[in-house]
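Please brief me on the main features of the structure shown below.

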Amino acid sequence: MVSRKHKRTAMYKNLQLLRSITNSHVHSKTSIILDASKYIEDLKRKIDVMNQKFAVAQDSDAQASLPQVRVEAQEKGFLIEVFNKRSCCGLLVFILEAFEELGLDVLQARVSCSDNFHLEAMGAKVNEGDDEVDAHVVKEAVLKAIKNWSEISEK
């Protein structure tokens with residue numbers, strides 16, 4: 001008898017606690033449980049929204065940390081600028097390998113890798129008989145080099 005009364009009291013206290021947590025104004029057990037169920041579903045939805053926002057923020061942070069690239073066609077080649085707010089150890093090697101794959105000679109270059117990464121290079125085609133290369137192709141090759149560097153440097 002005592003245990004049944006004790007169980008009822010404990011159940012009543014738990015229902016009242018559940019009612020207060022869910023801000024429910026109903027009194028029946030069934031309604032309190034239904035309100036709690038709705039409350040849990042709402043919390044799950046809010047968590048999903050927050051996780052999506054967090055994932056988007058992480059993606060934008062990762063993209064913001066990638067270097068900016070600008071390629072401009074010049075009379076005798078291309079002016080290539082790569083800039084990042086942080087130092088990018090090893091990136092220069094990947095970019096120079098991309099130039100080599102395109103058959104570009106570096107005619108003149110300035111590079112800073114101390115506090116940030118800044119490359120300003122003038123590149124020209126080695127052999128005029130090879131396939132023509134335009135600014136878009138050069139930019140895509142540099143972006144691919146940056147992506148390869150990024151994947152390796154993350155490991």
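A salt bridge is a side-chain nitrogen of Lys or Arg within 4 Å of a carboxyl oxygen of Asp or Glu. This is a predicted model, in which local features need pLDDT of at least 70 and side-chain atom pairs count only at pLDDT 80 or more, while totals for chains, interfaces and linings use all residues. Residues are numbered from 1 along each chain as its sequence is written, and side-chain values use heavy atoms, with hydrogens and water left out. Helices (H or I, at least four residues) and strands (E, at least two) are DSSP runs, numbered from the N terminus. Buried means under 20% relative accessible area, exposed means over 50%, and partly exposed lies in between (1.4 Å probe, protein chains only).

**Salt bridges**

- The whole structure holds 7 salt bridges.
- One of them links Asp-42 to Arg-45, with the closest N and O atoms 2.6 Å apart. These residues are about one helical turn from each other because they are 3 residues apart in helix H2.
- Asp-42 also meets Lys-46 in a salt bridge of 3.5 Å, N to O. Lys-46 and Asp-42 are 4 residues apart in helix H2, so about one helical turn separates them.
- Asp-42 is partly exposed at 27% relative accessibility, Arg-45 is partly exposed at 47%, and Lys-46 is partly exposed at 43%.
- Another salt bridge joins Lys-147 and Glu-151, whose closest N and O atoms are 3.7 Å apart. Both residues lie in helix H4 (residues 135-154), 4 residues apart, about one turn of the helix.
- Through shared partners, salt bridges join Asp-42, Arg-45 and Lys-46 into one network.

**Nonpolar patch**

- Patches are made of residues with over 30% relative accessible area and no salt bridge; like charges are joined within 9 Å, and nonpolar side chains (Val, Leu, Ile, Met, Phe, Trp, Tyr) within 5 Å. Accessible areas come from the Shrake-Rupley method with a 1.4 Å probe, and for residues only the protein chains shown count as cover.
- A nonpolar surface patch consists of Leu-17, Ile-21, Tyr-39, Ile-40 and Leu-43, with about 420 Å² of accessible area together. Helix H1 (2-21) and helix H2 (29-64) are the elements that give two or more residues to the patch.
- H2 supplies the largest share, 3 residues. Leu-43 lies in helix H2 and is partly exposed, with a relative accessible area of 35%.

**Sheet**

- Two strands pair if DSSP finds at least two bridges between them.
- The 4 strands of an open sheet are ordered E1-E2-E4-E3, with antiparallel pairing. Strand E1 (68-74) and strand E3 (104-112) are the edge strands, and each pairs on one side only.
- E1 and E2 run antiparallel and are joined by 7 bridges. A hairpin through 2 residues connects E1 to E2, and Arg-70 stands opposite Glu-81 in E2.
- Strand E2 (residues 77-84) pairs with strand E4 (residues 117-125) in the antiparallel sense over 7 bridges. Val-82 has Leu-119 in E4 as its bridge partner.

**Cysteines**

- A disulfide is a pair of cysteine sulfur atoms within 2.5 Å, and a search of the whole structure finds 0 of them.
- The sulfur of Cys-88 has its closest cysteine sulfur in Cys-113, at 8.1 Å, which is too far for a bond.
- Cys-88 is buried at 3% relative accessibility, whereas Cys-113 is partly exposed at 37%.

**Loop**

- Asn-23 is in the loop between H1 and H2. Asn-23 has a positive phi of about 55 degrees although it is not a glycine.
- Asn-23 counts as exposed, at 59% relative accessibility.
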